[in-house]
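I opened this notebook to record what I looked up in one protein structure and its ligand. The entries follow the order of my reading.

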Amino acid sequence: MTERLSQLSRSVADRVVFITGAASGMGRAEARLFADEGAKVAVTDLGAARVAAVVDEIHAAGGTAHGWVLDVTDNDRIQTVLDEVRVELGPVDIIVNNAGASFGASLDSPDFDDVWHAAFDVLLTPHQRIVRACLDDLRSSDCARVINIASTEGITAQRGVTPYTAAKHGVVGLTRSLAVMLGVDGITVNAICPGPIHTGITEQIPDDMKDTYARRRTALRRYGDPEEVAHIVLSLALPAASYITGAIIPVDGGLTCKND
Ligand code: NAI
């Protein structure tokens, strides 16, 4: 076998990764990819059958995973699930805060306040709760990683989705703050900002509308696939990704750089 000339590991084998919203879209792609790479995956999401389906897929492919039903707005349940994850898989090394849904409301809608609070309850508050609940685990890991899935809406703004945009900007701020707070413990905290991706959230949009939007707005002139995001999440989780923290990384086909 040829000797490697570099020092840092590109393996997540046997690391425990905790993923929210892992039954669909990008979360599912992340769960599958981490399992392919030998990690022990805690698959969490709404709906027992949806969670079991992803766990079964991973087992069928020879990977290690265990599933939990978890609504990320339920803080007691977060604590219970994390306790069970530690028993089943071990202490958590890597957190992927991925769960989400769209939250749009016009400014003069009577529902605006309700949608606003729901957006923050799902898209932002659980991220800090999960990280805080895992601090002991992360501090004792030699490869502690937090990866938050924000959005290009965390950097820019489209019309009609103010609660979503504000919450995703909050994810960016939380990421930077946690990176600063936890750097002393060697814990890295980064955010990914996906652009338009083919997932559950976007499946209601007709294909021709997707195509028109992507051609107009992205440099690559197409929607992305969940696996294209999952690989960047995995990259941030590698032991070798040890000197990147507080970074806000668009994975958006060039949407945020395009201005023509
Ligand atoms: P998806 O709908 O395929 O997956 C989202 C998952 O989150 C679902 O399985 C859903 O059950 C789960 N979820 C929703 N509310 C939850 C709750 N209260 N507790 C636990 N799980 C919950 O959508 P996608 O796109 O894979 O979403 C993943 C993340 O990516 C979200 O944070 C979303 O905001 C973000 N995102 C998506 C983009 C896209 O174009 N699809 C673009 C930018 C960001």
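Basis. I worked from a predicted model, in which local features need pLDDT of at least 70, side-chain atom pairs count only at pLDDT 80 or more, and totals for chains, interfaces and linings use all residues. Residues are numbered from 1 along each chain as its sequence is written, and side-chain values use heavy atoms, with hydrogens and water left out.

Fold. I found 9 helices and 7 strands (DSSP runs: helices are H or I of at least four residues, strands E of at least two, numbered from the N terminus). The radius of gyration, taken over C-alpha atoms, is 18 Å, close to the 18 Å from the globule rule for 260 residues, so the protein is as compact as a globular protein of that length. That rule is 2.2 Å times the number of residues to the power 0.38.

Ligand shell. I looked up the 27 residues around the ligand, of which Ser-24, Asp-45, Arg-50, Tyr-164 and Thr-199 come nearest; a residue is near if one of its heavy atoms lies within 4 Å.

Polar contacts. I took these as pairs of N or O atoms within 3.5 Å. The side chain of Asp-45 places an N or O atom 2.5 Å from a ligand oxygen atom. For Met-26, a backbone N or O atom lies 2.9 Å from an oxygen atom of the ligand; for Gly-25, the corresponding backbone distance is 3.4 Å.

Elements. Helix H1 (25–36) and helix H7 (162–182) are the elements that give two or more residues to the shell.

Notes: A polar contact is a pair of N or O atoms within 3.5 Å; within protein, one must be able to donate a hydrogen and the other to accept it, and residues adjacent in sequence count only if both atoms are side-chain atoms.
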